[in-house]
Amino acid sequence: MSSSIPEITGTTSLYGLLGSPVHHSKSPLMHNLSFRYLGLDSVYLCFEILEEQLKTAVDGLKAAGIRGFNLTMPNKNRMVELCDHLSPEAKLMQAVNTVVNRDGILYGYNTDGAGFWKAAAETGFRPEGKSITILGAGGAGTAICAQAALDNARKIHIFSRPSSRFHQRTEALADAIRSTTKTTVELYDSADMASLKRCAAESDMLINATSVGMNPHPENCIVTDPEVFYPGLHVCDVIYDPQETRFLSMAKERGCITGNGMYMLLYQGAVAFHHFTGLAMPTDLVKEKFFSK
């Protein structure tokens, strides 16, 4: 690790995270460790910014010469309107979590889906040509579906609640995927366990992209019928607290290949880091330091 770059200099490049709350975020730890390791004169800070403050904050940070920033909720959708250019995945999911400032021009990306699929690749799964069933269509679910379609998934079954505030956005996402990619998309009611069992049986991966089963309620599970799971099915839960949810333990008992969402955060940050710097984040170092089990 380089020790030649001081923590802050007169030429330090600024990066950051905009959202609320941000006090719990691992992003500053990941990026600042990577900056130091690579000898970059850069610093990454958190900014507590509500959605109604976002345009003012972005204008001010752009004027101050910020090189790039990430966004967490509630700012990912609002940022779409503030970017000058959108990447294909950001345009498809209508959400931005990474912005690069190039001479006052803001380029928006979304690295959440790429982060999920990089983590899935560690279990030997890639979405190209595959059929996927996903439970939930909030921010994480939208990102995962959009990136899967861009990565040439064959078919995506999306289960969500028709009463959800995200449902209209889910329908718009499905229409966008159908019109811009070769991926087939079908929508179902998340309460329809018979359809879930049928879709899972013809899928290569089943994903829980909801918060059901997260602490402090780890006893909850979005799947009520264990026969949804079958041996060899790849099963992933975006939740990583607890590291093994009831959803994953049921899947494991049925012989599935399982993984949680811990490394999704790592790899979405790594993709963002590459957008920021053009360099590869030292993910093995970051994983050992901040993601050890």
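1. The largest cavity is lined by Met73, Lys76, Asn77, Met93, Ala95, Asn110, Asp112, Gly138, Gly139, Thr142, Ala143 and Arg169. A cavity here is a set of points, on a 1 Å grid over the protein atoms alone, where a 1.4 Å probe fits but cannot get out. Lining residues have an atom within 4 Å of a point.

2. A note on the basis. This is a predicted model, in which local features need pLDDT of at least 70 and side-chain atom pairs count only at pLDDT 80 or more, while totals for chains, interfaces and linings use all residues. Residues are numbered from 1 along each chain as its sequence is written, and side-chain values use heavy atoms, with hydrogens and water left out.

3. How many cavities of 30 Å³ or more does a search of the whole structure find? The search finds 1. The largest cavity holds about 80 Å³ of space. A volume is the space filled by probe spheres set on the grid points, which are joined across faces, edges and corners. Helix 5 (residues 139–150) supplies the largest share of the lining, 3 residues. Helices (H or I, at least four residues) and strands (E, at least two) are DSSP runs, numbered from the N terminus. The lining has 4 nonpolar, 5 polar and 3 charged residues. Ala, Val, Leu, Ile, Met, Phe, Trp, Tyr, Cys and Pro count as nonpolar, Asp, Glu, Lys and Arg as charged, and the others, Gly among them, as polar.

4. Look at asparagine 110, one of the cavity-lining residues. Asparagine 110 sits in the loop between strand 6 (105–109) and helix 4 (112–121). Is asparagine 110 buried or exposed? Asparagine 110 is buried, because its relative accessible area is 2%. (Buried means under 20% relative accessible area, exposed over 50%, partly exposed in between, with a 1.4 Å probe and protein chains only.) Its side chain reaches the backbone nitrogen of aspartate 112 at 3.0 Å. Beyond four places in sequence, asparagine 110 touches residues including Met93, Ala95 and Ala143. Contact means heavy atoms within 4.5 Å.

5. Now the largest pocket. Its volume is about 1600 Å³. A pocket is an open set of points with protein on both sides within 12 Å along at least five of seven lines. The lining has 45 residues, and Met73, Lys76, Gly139, Ala140 and Val238 lie nearest the centre. Strand 3 (68–71), helix 5, strand 8 (155–160), helix 6 (167–180) and helix 9 (262–277) each give two or more residues to this lining. Helix 9 gives the most, 3 residues. By class, the pocket lining has 19 nonpolar, 19 polar and 7 charged residues.

6. Where is proline 74? Proline 74 lies in the loop between strand 3 and strand 4 (85–86). Proline 74 is partly exposed, because its relative accessibility is 27%. Leaving aside neighbours within four places in sequence, proline 74 contacts Ser20 and Glu51.

7. Methionine 205 belongs to strand 10 (residues 205–208). Its relative accessibility is 2%, so methionine 205 counts as buried. Among the residues that methionine 205 touches, beyond four places in sequence, are Phe116, Trp117, Leu233 and His234.

8. Finally, the cysteines. A search of the whole structure finds 0 disulfides, a disulfide being a pair of cysteine sulfur atoms within 2.5 Å. Cysteine 145 is buried, at 3% relative accessibility. Its sulfur is 13 Å from the closest cysteine sulfur, in cysteine 199, so the gap is too far for a bond.

Conventions:
A polar contact is a pair of N or O atoms within 3.5 Å; within protein, one must be able to donate a hydrogen and the other to accept it, and residues adjacent in sequence count only if both atoms are side-chain atoms.
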